[in-house]
Amino acid sequence: MEKYLVIVESPTKAKTIRKFLPKNYIVEASMGHIRDLPQSATDIPKALKKEDWAKLGVNVEEDFAPLYVVPKGKSKIVRELKKKMKECDAIYLATDEDREGESISWHLLELLKPKIPVKRMVFHEITKAAIFKALEETREVDEKLVRAQEARRILDRLYGYTLSPLIWKKIAYGLSAGRVQSTGLRFIIERERERRKFVKSSYWDLKAEVAKSDARAFEAKLSTVDGMRVASGKDFDSDTGKLARQDVKHIQMDEAKALAEKLADKEWKVLSVEERESTTRPTQPFITSSLQMEGVRKLGLSAKNTMRIAQRLYEEGLITYMRTDSPNLSKEAVSGARASVEKLYGKEFLSDKPRQYAAKSKGAQEAHEAIRPAGSDFTHPDEINFDGKEKALYELIWKRTLASQMKEATKSNMTVKISADGCEFTANGSRITFPGFLRVYVEGSDDPEKALDDKEVVLPKLAVGDILNPAKVDALGHETKPPARFTEASLVQRLEKEGVGRPSTYASIIGTIQDRGYVRKEGSALVPSFTGMAVVQLLENYFSKFVDYGFTSDMEQKLDGIAVGDVEFLDYMKKFYLGKQGLRESVEKQDKKIKPDESRTVLLEGQNGKVEIKVGRYGPYVISHGEGSAEIHASIPEEIAPADLKTEDVDELIELSKRGPEPIGTDPKTGESVFCLVGRYGPYFQLGEKTEENPKPKRASMPKGMTPKDADIETALKLLELPRELGEHPETGKVIKANAGRFGPYVVHDGDFRSLKKEDDLYKIDLARALEILAEEKKSRRGATVIKDFGRIEKLKKKVAINDGKYGLYIKAGTKNISLPDDMKDAEKAKNLTEEQVIKIVKEAQKK
């Protein structure tokens, strides 16, 4: 019997495909890319180490020829694939259907140099039908797609490796610039500048609860006073804080309170009742960007984790390919969605005819399909072998796909105008007359009908002339808010709108700007650092063209043009890199003009005052000149966002630095002085001075919300007392400690951390109570029960335990949660797992 070698990227994908194919098909994984441009000097072949261009990885003088190397650890995989190839009669390259997948297939061909027939098979879902269809409809590797991917890779390398060394020299080593990364960062920096310029405004209005004598009360809001519309937040200029228009009434606090008091005794009468029907259409099926946005907004995932989970669902055969910018559905998908709708909700919920959607973004690959449940018979979310975030993401995809083939939701909207002594109030209500696609979004609720009712605001039956009684009239104060910082979801939306980058790269871009320290997350908001501001400032001042939104978007269009053959690769690359205004010449010219000290200085202007910040090796700081022109440096805590830094904050930090370490009191136990200091990570208390004999004095971070001027010796001594040694464990002889951590107070023994209960006092808990807590059945921070605790496994350099959580059994290795294999999801089997078995499962998961 003839044998065939099928090569895919990942072990999970290989495992799923293996289930569908006969035993004479050998399915192996390349573990992603097997060849790439060199990442460091050690990757460059010996023969080329002296060539300057080799460091770049692209020979720009020889038609931009790339230098491809096999990354460390991949040579073994290549040898294994060559060995398997010798046993086979043909090769099927089954990598993903996008540019990157095509590129992997091409590199496999280049390295394996097969002498047997090679066929390229593509599919956008991993189902039996799709795999067998792909085997029948093979093609050759698409050279245009390969060149398009190569062009992107080369362009990104030239951009990053030409600009980054300049940034190292002018700001700090280890920083980087990127074609899409720097433009994405610029969005965040510009928003921070807007927030700093923002001037707050205050305004007031009224809210009333009114009712007919025989009906329940409903809410109405003040809309006009003596015929003038009442001002709201949108009517103020964010740069000045003043009204931007004169045809509105700006109500202040005293006037609002007096008006509320006066209207409580006046007659309220219905002026008009308007009813109208409205129709809401379902949103189009998911594409990569919209899936990332919903994963962030609805599930609290990062864009990166959303894509990681989607990849797993795809490789397990549950959804179609997750890197796509087309919302189009195949005939099979439309039939599957409509069949599911009819089966679950009845024909009356189906749209009158099948609905199709077209891509709005430029350069969308229409050959791809939307992200949807795989196959023609969609698996219900309750029937998949996943729980937790995997199930939640699948459910989002399933609901969105079904909704796309359902009828519009219709609502009856009521607007009621009410008069009261020259004032006009407005009440709005809505009632769902036909739920349509909304029905699928309450799927899984205990009471779907009630869940639909909760989406309604029903007003009582009213007629013109009806007299209403004000049950309550409240004066409400409001303040305008600065433009919201970007979240991962809103940044993805902005990148897509501006045509910057491709949706498949957004998750890695957001990850990179955080990894580089340009941005940190505060809740869900992306807050820029001063280092990030310095990098963008340098690029704007000296390389504005290369971070211009239009230029970056145009680059995407040119790269798409290369993919279809409309743009000639060499001509474009020569113009971009080697031209008179090309990147290389721009960097060479500007290098001499850029002064490092100027590049490391960020000037903040706006309502919080004018502040000059320096970016240094140990974080941001300010400089003040004291007596005799002596320079005083004061660190800016990294937790202070650029837009929130006030001149008085800077003055306080400089004053603290100027005074130097002044004790706020003495520790009665040691007799040592206690200091309040400010460092890179914020204010902290320190016991004793830093000396050669005591290079690392004991320190404790100041609690959130406390400032150095609020510091007192009692708080400092309490915090410096931590961690408290409570005594030795009677069974192990090891010390038990009590301490405060990121998730609250806890006791710890031999790596076993247990949170304290509400009634426990961190500063009073004794050994006996600590032993009681440690003896309780262990629960993880999220309420999971620990089935088996392995402690720290040295081979993994992580603490490992098997937990039983809300969604079943899993391994917790460090901060990662890893699902147990299906045949081990039994509590007894899980308890019997050995350390070696757990190491194997964790290592397999790390490869994915």
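**Exercise 1. Determine which residues line the largest cavity, and how they divide by class.**

Solution. In this predicted model, local features need pLDDT of at least 70 and side-chain atom pairs count only at pLDDT 80 or more, whereas totals for chains, interfaces and linings use all residues. Residues are numbered from 1 along each chain as its sequence is written, and side-chain values use heavy atoms, with hydrogens and water left out.

Step 1. On a 1 Å grid over the protein atoms alone, a cavity is a set of points where a 1.4 Å probe fits but cannot get out, a pocket is an open set with protein on both sides within 12 Å along at least five of seven lines, and lining residues have an atom within 4 Å of a point.

Step 2. The lining of the largest cavity consists of H33, R35, D36, Y68, S103, W106, H107, V146, Q149, E150 and R153.

Step 3. Two or more of these residues come from each of α4 (99-112) and α6 (143-170), with α6 giving the largest share, four residues; helices (H or I, at least four residues) and strands (E, at least two) are DSSP runs, numbered from the N terminus.

Step 4. By class, the lining holds three nonpolar, four polar and four charged residues, where Ala, Val, Leu, Ile, Met, Phe, Trp, Tyr, Cys and Pro count as nonpolar, Asp, Glu, Lys and Arg as charged, and the others, Gly among them, as polar.

Step 5. About 100 Å³ of space lies in this cavity, the volume being the space filled by probe spheres set on the points, which are joined across faces, edges and corners.

**Exercise 2. Describe the second largest pocket by its volume and its lining.**

Solution. Step 1. The volume of this pocket is about 920 Å³.

Step 2. Its lining comprises 31 residues, and P637, E639, I640, G682 and P683 lie nearest the centre.

Step 3. The elements that each supply at least two lining residues include β15 (519-522) and β22 (673-679), while α22 provides the largest share, four residues.

Step 4. The lining divides into twelve nonpolar, six polar and 13 charged residues.

**Exercise 3. Work out how α10 and α12 cross, and which residues meet.**

Solution. Step 1. The axes (lines fitted to C-alpha atoms over the stretch in contact, with angles from 0 to 180 degrees between N-to-C directions) of α10 (residues 303-315) and α12 (residues 388-403) come within 10 Å and cross at roughly 80°.

Step 2. α10 is therefore roughly perpendicular to α12, a term for angles of 65 to 115 degrees.

Step 3. In contact (heavy atoms within 4.5 Å), T306, I309, A310, R312 and L313 of α10 meet K389, E390, L393 and Y394 of α12.

Definitions and conventions
Angles under 35 degrees count as roughly parallel, over 145 as roughly antiparallel, 65 to 115 as roughly perpendicular and the rest as oblique.
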